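Colleague: Please take me through this model by question and answer, with the cut-offs stated where they apply.

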Amino acid sequence: MRSLPTRRTVLGTGAALTAGGLLAACSDTESTDSAGGGRPGGYVEPDGAEVRAAEADRPKGRTEKVRLTATRTRLELGDGTTASSWAYGDRAPGKEVRITAGNTLALTLANHLPEATSLHWHGLALRNDMDGVPALTQREIKPGADFTYRFAVTHPGTYWFHPHSGVQQDRGLYAPLIVEDPKEPLEYDKEWVVVLDDWVDGIDGSTPDGVLAELSKGMDHGGMKDGGGMKDGGGRGEDGTQEDGAQESGGHGMHGMGGGSRPATKGPKGPKGPKGPKGPSRMMMGATSELLGGDAGDVKYPYYLVNGRTPHDPESFRARPGDRVRIRLVNAGGDTAFRVALGGHRMTVTHTDGYPVEHATTDALLLGMGERYDVLVTVKDGVFPLTALAEGKKEQARALLRTGGGATPPAGARPQELDGKLLTAGKLRADDSVRLEAGKPDRTVTFKLTGSMAKYDWGINGKKYDPKQRHPVTAGERVRLRFVNTTDMWHPMHLHGHTFALPDGGPRKDTAIVLPGKTLEVDFDADNPGLWMVHCHNVYHGEAGMMTVLGYRK
């Protein structure tokens with residue numbers, strides 16, 4: 001039985017919605033169907049009886065308690081570079097949280113920030129009122145308040161957590177969540193959790209809020225689309241795949257630095273509040289990638305990081321020659337896809353977005369924002385760069401694998417594996433143990449991805465996000481989501497509270513890349529009642545309006 005909110009959390013408006021509470025009542029009386037003008041109400045509440053019943057059916061195991069503080073801090077990014085930012089504790093990424101599948105997580109988040117926050121558990125199928133979306137599934141956690149997220153954790157895998165409040169995710173507020181399998185089928189000697197990020201906060205006065213304000217004024221990308229945009233991109237189908245070894249094209253030009261080069265300024269004093277000074281222009285022009293169908297991104301980041309470190313002062317992971325290492329890769333970036341390779345090695349892909357796949361060997365992987373991959377590598381003797389190329393942006397991040405002596409590769413070294421065989425999600429197949437059973441959909445929901453860089457008017461079906469909007473589904477249905485990208489940019493689309501299956505026996509995922517001018521159809525079983533967001537995981541596209549809600553009918 002879920003404990004009642006304390007007086008402190010209620011007064012701090014950090015409490016999750018109680019059945020029949022204010023926000024739930026608003027959604028029941030004011031929401032309408034996506035078809036327009038539909039009948040009001042009739043949706044499951046985030047803390048409704050249906051949600052409580054689903055949680056009661058999940059194994060609870062023992063309760064694992066964690067305390068976390070969101071606070072302002074100064075972060076050391078490596079090589080003497082510091083940034084004033086917001087983080088969980090005094091580090092970014094925050095300290096990983098580990099829990100065994102079948103147990104209950106009780107994580108108390110204390111908000112020491114100057115503005116309200118929240119916490120979303122990316123990829124987890126959990127109870128709806130713990131999903132962490134203010135104005136939809138919970139009230140925001142105000143400054144000085146705290147809130148305990150308590151829920152059963154059912155499925156092992158690589159996940160992560162971050163706020164769902166404005167563009168806070170593009171600060172230092174993110175951390176990995178590893179759900180261990182009590183019957184782990186893989187055999188390996190060591191494990192390496194690798195979190196990728198693009199960094200702007202606290203550099204020369206920049207903040208994510210300032211970046212969003214600049215982008216929201218719009219821009220004319222007409223000149224840069226000659227090399228990309230809506231072109232077909234060479235045999236790219238609805239599953240979003242691309243031929244092996246596809247190369248980047250173009251470059252951002254305005255940055256003027258080669259891979260891994262240092263920006264001139266170190267350790268500028270960052271802002272104290274959420275807005276802060278504007279800083280230099282961070283608008284990116286001319287970054288293109290064939291893999292991404294043209295335009296690679298909106299934001300010109302000064303740094304790209306692996307586990308919070310710059311390429312000139314990277315993290316080193318130590319192992320012995322011959323060790324079998326499991327690498328868990330997480331793209332926590334705000335606006336950057338990463339092409340990842342381990343110099344001198346091939347990788348065997350075992351999982352994506354927490355779910356097992358038929359093992360596949362590759363030289364490199366492409367990760368959109370929010371995506372995760374697990375790989376196995378039998379490591380050689382020496383020092384090897386784990387390189388994350390900022391796709392289309394001509395910059396890179398890296399860490400080092402050390403198994404013996406040898407010279408450290410230079411920061412700008414580019415492993416040849418980056419140009420070798422490359423796997424994208426559409427080329428993988430789900431493992432038999434998690435493959436979605438074949439069946440025709442009971443319902444198809446079409447999401448047209450709309451907007452442009454010129455007006456920065458990103459939306460879904462031509463509408464900006466409104467938490468009262470609902471696209472209805474019914475428990476027990478097989479639902480097909482049809483993402484139709486009518487824009488000139490790629491979008492990593494994320495579904496809360498569920499995993500979907502890519503076509504033709506493809507992998508189970510919660511985040512998938514939809515290329516410009518393409519359509520991607522994915523199926524999921526409606527087995528977790530509540531109100532669930534669907535959105536672009538480019539943090540700036542989402543905040544500009546490319547978000548909507550799937551609502552379970554009562």
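**Strands, helices and core**

Modeller: Strand β4 (residues 97-100) runs parallel to strand β9 (residues 175-180), to which 4 bridges join it. Helices (H or I, at least four residues) and strands (E, at least two) are DSSP runs, numbered from the N terminus, and two strands pair if DSSP finds at least two bridges between them. This is a predicted model, in which local features need pLDDT of at least 70 and side-chain atom pairs count only at pLDDT 80 or more, while totals for chains, interfaces and linings use all residues. Residues are numbered from 1 along each chain as its sequence is written, and side-chain values use heavy atoms, with hydrogens and water left out.

Colleague: In β9, which residue is the bridge partner of Arg 98?

Modeller: In a regular strand the side chains alternate between the two faces of the sheet. In β4, Val 97 and Ile 99 form the covered face, whereas Arg 98 and Thr 100 form the uncovered one. The partner of Arg 98 across the bridge to β9 is Ile 178.

Colleague: Which are the edge strands of the open sheet of 6 strands?

Modeller: The order in this open sheet is β15-β23-β22-β17-β20-β24, with mixed pairing. An edge strand here pairs on one side only. Strand β20 (residues 364-367) pairs with β24 in the parallel sense over 2 bridges, and Ala 364 has Leu 422 as its bridge partner. The edge strands are β15 (316-318) and β24 (422-423).

Colleague: In the hairpin of β18 and β19, which residue takes a positive phi?

Modeller: Strand β18 (residues 347-352) and strand β19 (residues 355-362) are antiparallel and pair over 5 bridges. Thr 352 stands opposite Tyr 355. The hairpin has 2 residues between the strands, and the one with a positive phi, near 50 degrees, is Asp 353.

Colleague: How many residues does the largest nonpolar core have?

Modeller: A nonpolar core is a set of buried Ala, Val, Leu, Ile, Met, Phe, Trp, Tyr and Cys residues joined through side-chain atoms within 4.5 Å; buried means under 20% relative accessible area (1.4 Å probe, protein chains only). Those with the most contacts inside the largest core are Trp 121, Leu 481 and Tyr 540. Strand β22 (residues 383-390) supplies the largest share of this core, 4 residues. The number of residues in the core is 106.

Colleague: Which histidines are in contact with His 120, leaving aside its neighbours within four places in sequence?

Modeller: His 120 lies in strand β6 (residues 120-122) and is buried, with a relative accessible area of 1%. Contact means heavy atoms within 4.5 Å. Beyond those sequence neighbours, the contacts of His 120 include Asp 131, Gly 132, Trp 160 and Phe 161.

Colleague: With which side chain does that of Arg 372 form a polar contact of 3.4 Å?

Modeller: Arg 372 is part of strand β21 (residues 372-378) and counts as buried, because its relative accessibility is 0%. A polar contact is a pair of N or O atoms within 3.5 Å; within protein, one must be able to donate a hydrogen and the other to accept it, and residues adjacent in sequence count only if both atoms are side-chain atoms. A polar atom of the Arg 372 side chain lies 2.9 Å from the backbone oxygen of Thr 158. The side chain at 3.4 Å is that of His 122.

Colleague: Against which helix do the buried residues of α4 pack?

Modeller: Of the 9 residues of α4, 7 are buried, so the helix is largely enclosed by the rest of the structure. The buried residues include Val 211, Leu 212 and Leu 215. They pack against α5 (539-544).

Colleague: How far apart in space are Ile 203 and Pro 280, C-alpha to C-alpha?

Modeller: Ile 203 is in the loop between β10 (190-199) and α4 (208-216), and is buried at a relative accessible area of 1%. In sequence, Ile 203 and Pro 280 are 77 residues apart. Their C-alpha to C-alpha distance is 9.3 Å.

Note on methods: Buried < 20%, exposed > 50% of the residue type's maximum accessible area, 1.4 Å probe, protein only.
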